[in-house]
Amino acid sequence: MAASALLNIMIRAAHKAGRSLTRDFGEVENLQVSRKGPADFVSNADRKAEEIVHDELLKARPTYSFLMEESGEIKGTDGQHRWIIDPLDGTTNFLHSIPLFACAIALERNGEVIASVIYNPIMDETFTAEKGRGAWLNERKRLRVGGRRKLSECVGATGINSRNTAGTTREIRQLAHILPSLAGIRRTGSASTDLAWLAAGRFDLYWEAELAPWDIAPGLVLVREAGGFVSDFSGKADNIQDGEVVAGNEAIHHAILKRLKAVRDRTH
Ligand code: 2AM
Ligand code: CA
């Protein structure tokens, strides 16, 4: 299906930022050996990518609002539309020369995410979705979430934060409860990649907490348009504010939600 004018704008912005990220990623490898490491260089790459996305989107739609990981909120005169941008999702991977990161953009209309693009420039994979128009890989392949119904056959993804002891302990408890039911677990370090890969049927389930709106919003419409279910840990849909995501096909989403609730009830 041909992308709408809006989605084309988003794809163009993500690809332009992706080219900049790819160039900088090549440099990062050379900086690994320095004692200080490439941290400053990477923050700079991150900011540069955000500026590119911001400038492209602003040029195309001068009145829309922005919510960006690096620059925060910028209010536009249009009260209906807001771009939500994570210019480099998977910063730690990028910093360590691990080629697993994405430039992610979502568009909100009246508080609902209606379109998104998640672009991995190294794999050259562009995941796109628009409400009511399906989820796509590289604009050619229609995406559908996996059909597995037995947890024992499922490969899941999750993230464990290393910032906060209370949150980390809770996340390890969830992992300990869920992992033995699965065929395996993977940890990519990029929430938008996890959700895009779930939409593509590569992962059967995903959960994570303590995320930011820009980690969740781009994957939300993608998973839903691929026939999947996404909610927070209480089962509420369309919540990009509270940092929690659980996703899968209907049966698997339900099963993981039940397990997450069991862990919460046991630890209260
Ligand atoms: P980032 O790479 O843009 O920082 C990994 O588990 C996921 O958590 C990534 O999508 C990562 O996004 C995100 N993440 C890392 N630090 C975070 C923070 N302080 N707040 C919210 N999300 C974070
Ligand atoms: Ca992020």
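Predicted model: local features only at pLDDT ≥ 70, side-chain atom pairs only at ≥ 80, totals over all residues.

Student: Which residues does each domain span, and what distance separates the centres of domain 1 and domain 2?

Tutor: The domain assignment places residues 5-142 in domain 1 and residues 151-266 in domain 2, and their centres, taken over C-alpha atoms, are 21 Å apart.

Student: How is the area buried between domain 1 and domain 2 to be read?

Tutor: The size of an interface is often expressed as the accessible area that is lost when the parts come together. Here about 2,000 Å² is buried between domain 1 and domain 2, with carbon and sulfur atoms giving 65% of that area. On the side of domain 1, Asp89, Ile118 and Phe127 supply 24% of what this domain buries against domain 2, more than any other three residues. Counted by contacts, 35 residues of domain 1 touch 23 residues of domain 2.

Student: How many polar contacts and salt bridges are found between domain 1 and domain 2?

Tutor: Side chains of opposite charge can pair when their charged atoms come close. Across this interface the rule finds one salt bridge, while nine residue pairs are in polar contact. The side of domain 1 that touches domain 2 draws at least two residues from each of the strands β1, β3, β4, β5, β6 and β7, and its residues divide into 19 nonpolar, six polar and ten charged.

Student: How many salt bridges does a search of the whole structure find, and which residues form one of them?

Tutor: The search finds twelve, including one in which the side chains of Glu56 and Lys16 meet at 3.1 Å, N to O. This pair links distant parts of the chain, with Glu56 in helix α2 (residues 39-60) and Lys16 in helix α1 (residues 5-31), 40 residues apart.

Note on methods
Residues numbered from 1 in each chain as written. Chains lettered and ligands numbered in written order. Heavy atoms only, no water. Domains from an automatic or database assignment. Contact = heavy atoms within 4.5 Å. Buried area = accessible area lost by both parts, 1.4 Å probe. Salt bridge = Lys/Arg side-chain N within 4 Å of Asp/Glu carboxyl O. Polar contact = N/O pair within 3.5 Å; in protein donor to acceptor, adjacent residues only side chain to side chain. Helix = DSSP H or I, 4+ residues; strand = E, 2+ residues; numbered from the N terminus. Nonpolar A, V, L, I, M, F, W, Y, C, P; charged D, E, K, R; others polar.
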